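Subject: Structure for you to look at

Hello,

Here is the structure I said I would pass on.

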Amino acid sequence: MNLGFCSVILGDRGFEDVIKTASQLGLHTIEVACWPSKEATRRYAGVCHLDVNRVISDECYCHDMMDCAATHKINISALAYYPNMMDPDLTQRSENINHLKQVILASERFGRGAGDDVSWTHARKDDRREPLLVTGYLVPNSTVCS
């Protein structure tokens, strides 16, 4: 078993410092916060330790982030982004969904893709359990919470 944390708890630090902190604490894995860099209205939202748009478009940036984690023997277990995908504001909802798509694309650059086992949690008012389909990515074993 590997222990780690979600990087949002170190919201005021940069990626390299987050990785070094995890290593110094003797941890092995982190979930890296990937919110869009903008003013947040709730705690931890808006924390961005990894710019997913740069991961997708800038090979050097992506390589540098992976190399930093590998150097400190830290596994990036997940890219963290938990907005309200059913936001009543349709503009905000669209922004949330579009950023999630970027997070999914960025995860492929880190060797995590549609073929990997990934769990996705989203909220619903009923207790249905079904897979979540996001732009062609079937995410198995989704958990639906009421």
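Strand E2, residues 29-33, is mostly covered, with four of its five residues buried. Buried means under 20% relative accessible area and exposed means over 50%, with partly exposed in between (1.4 Å probe, protein chains only). Helices (H or I, at least four residues) and strands (E, at least two) are DSSP runs, numbered from the N terminus.

Two notes on the source. This is a predicted model, in which local features need pLDDT of at least 70 and side-chain atom pairs count only at pLDDT 80 or more, while totals for chains, interfaces and linings use all residues. Residues are numbered from 1 along each chain as its sequence is written, and side-chain values use heavy atoms, leaving out hydrogens and water.

The sheet

E2 pairs in the parallel sense with strand E1 (residues 4-6) over three bridges, and Phe-5 has Ile-30 in E2 as its bridge partner. Two strands count as paired if DSSP finds at least two bridges between them. E2 also pairs in the parallel sense with strand E3 (residues 75-80), over five bridges. There, Ala-33 has Ala-80 in E3 as its bridge partner. In general, strands of a sheet pair through backbone hydrogen bonds, either parallel or antiparallel.

Together the three strands form an open sheet in the order E1-E2-E3, with parallel pairing. E1 and E3 are the edge strands, each pairing on one side only. From one strand to the next, the twist averages 20°. Axes here are lines fitted to C-alpha atoms, for helices over the stretch in contact, and angles run from 0 to 180 degrees between N-to-C directions.

Helix H1

E1, helix H1 (residues 15-24) and E2 make a right-handed β-α-β unit. Right-handed means that, with the strands pointing away from the viewer, the path from the first strand over the helix to the second runs clockwise. H1 lies across E1, E2 and E3, and runs at about 155° to E2.

Which residues of H1 are buried? They are Phe-15, Val-18, Ile-19, Thr-21 and Ala-22. These residues are on the same side of H1 because they cover an arc of only 160° around the axis. The arc is that of the directions from the helix axis to the C-beta atoms. Their cover includes E1, E2, H3 and E3.

Take Thr-21, which lies in H1. Thr-21 has a relative accessible area of 12%, so it is buried. Leaving aside residues up to four places away in sequence, Thr-21 touches Leu-10 and Arg-13, where contact means heavy atoms within 4.5 Å. After H1 comes Gly-26, with a positive phi near 80°.

Helix H3

Helix H3 (residues 59-71) has 13 residues and reaches 18 Å from its first C-alpha to its last, close to the 18 Å expected at 1.5 Å a residue. That expected span is 1.5 Å times one less than the number of residues. Tyr-61, Cys-62, Met-65, Cys-68 and Ala-69 of H3 are buried. They cover an arc of only 130° around the axis, which puts them on the same side of H3. The face turned away from that buried side carries the exposed residues Glu-59, Cys-60, Ala-70 and Thr-71. Among the elements covering the buried residues of H3 are H1, helix H2 (52-57), E3 and helix H4 (90-109).

Regards
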